[in-house]
Amino acid sequence: MDLQRLHKERRVAFWGQVLPYLGYVIQSGLAVVFGFALIAFAAWYTSLLMHTPPDLPIRWIMLIVAIPIAHASFRTYLNAADIVFLRPQEHAMHDYFKASRIRGVVYKIFGLLLLSIIVWPLYIRSDTAPKPLLLTLLLFVLLKLLFSYGGWQELRMVSIGGSVGYRLLRWVLAVLMVAAWLWQPPLHSVPFIILVGVVYVLVLRFPVKLLVAWEKLIRTEGMQAARVMRTLGWFVDVPALTQRVTPRRWLSWLGGNIPWNRRGAYRYLLFKTFLRTEPAGIVIRLGILGLLIIYITHASWIGIAVYLFFIFLIGVQVTSLRQYHKDSLWLQLYPIPAHSRRASFLDFVVRLTLPAAVVLWLPFLAKGKEDLLSTLLTLLGGVAVVFLLRGAQAKKWRLDGQDEEEV
């Protein structure tokens, strides 16, 4: 069996299913919004370069920009049947995974380099001792290769706890190595980075690994495919794929005060679905990242724009749950009217995004009483974004015909 050809055929088949939906995504107005956002960003960035604040924390900004160095993901296009039909070829699966490893690195390196080049003019204008561009880009590429190798080894580890621990180690080392390069002179940072990199590669040899971790790779591929379809689901109805269920006991108290009756049944289902699926993890990460960036930029109008943007991103994740139970058989069997589900969903959107808007607003309190009016107007803007999201979801619900009562 030609395993490289099999990988290519599966990749072409998957993206062949996705491409027809892209036309609907473009028709939704995303291309126009993206164009305006790009023009607005170019104008803002040009103004920032011409009037760079003297106290701009550029090294922290560069550190945040470089953090994706630690991200590692690979599309294998495996499915459950491969455990039976491809297992006899396990000894030769490195040919199949070769394209996955290459594609899992090349595109990310290109994006990282593009982002670094965009922020570079601001860096050399703000840093008192900027590092050379070519050396910085070379370092970023080498670190990306290193952590991509580590991410692939994590997928082969037998121990789930060990895999999680090594994933955390990967992110911590990425922060330390990039910070060493940005804050220390090259004569000090380069030996440190080399030493840490060598130790990291050696430590990766300790855990027990499988030649091919079939179950883990199939589960990971299912999550990534579902993520693509869920993203398309923001704009057009797409076939639902299996979602990963993650027990988060430390968040199980959320939704516990919902009345145990017919009126609160669907809202309870939405809360528990949210807590146990991927959107909850994304919202938590967006919240932490948003708080950090807003705290850095809260003194200018940039902070307000970032604040509103992160509320929108969190709202997109929360509203994605509209599709999760759309075709569920149990909702047709239980006596929950369609209009009740609509009201419960809209209430769920507000109950989650409004507290997020308040939490993300807290860094603006550092302005003190001097700019109290601007601080309060910023909060009102965040609340307005929440209810605009609610209104957009109510309109989508009506357009989908989900307000109609089932017979």
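This is a predicted model: local features need pLDDT of at least 70, side-chain atom pairs count only at pLDDT 80 or more; totals for chains, interfaces and linings use all residues.

Student: Which side chain of opposite charge is nearest to Lys216?
Tutor: Glu154, 8.1 Å away, with Lys and Arg counted as positive, Asp and Glu as negative, and His and the chain ends not counted. Lys216 is buried (under 20% relative accessible area; exposed is over 50%, partly exposed in between; 1.4 Å probe, protein chains only). Lys216 has no salt bridge, meaning a side-chain nitrogen of Lys or Arg within 4 Å of a carboxyl oxygen of Asp or Glu.

Student: What does Lys216 touch, then?
Tutor: Glu154, Leu155, Met157 and Ser163, leaving out residues up to four places away in sequence; touching means heavy atoms within 4.5 Å. A polar atom of the Lys216 side chain is 2.9 Å from the backbone oxygen of Met157.

Student: Where's Lys216 placed?
Tutor: In helix α8, residues 214-232. Helices here are DSSP runs of H or I, at least four residues, and strands are E runs of at least two, numbered from the N terminus.

Student: How many helices and strands are there?
Tutor: 14 helices and zero strands.

Student: New topic: what's up with phi of Tyr77?
Tutor: It's near 60°, a positive value in a residue other than glycine. Tyr77 is in the loop between α2 (58-66) and α3 (82-85), and is buried at 9% relative accessible area.

How values were computed
Residues are numbered from 1 along each chain as its sequence is written. Side-chain values use heavy atoms; hydrogens and water are left out. A polar contact is a pair of N or O atoms within 3.5 Å; within protein, one must be able to donate a hydrogen and the other to accept it, and residues adjacent in sequence count only if both atoms are side-chain atoms.
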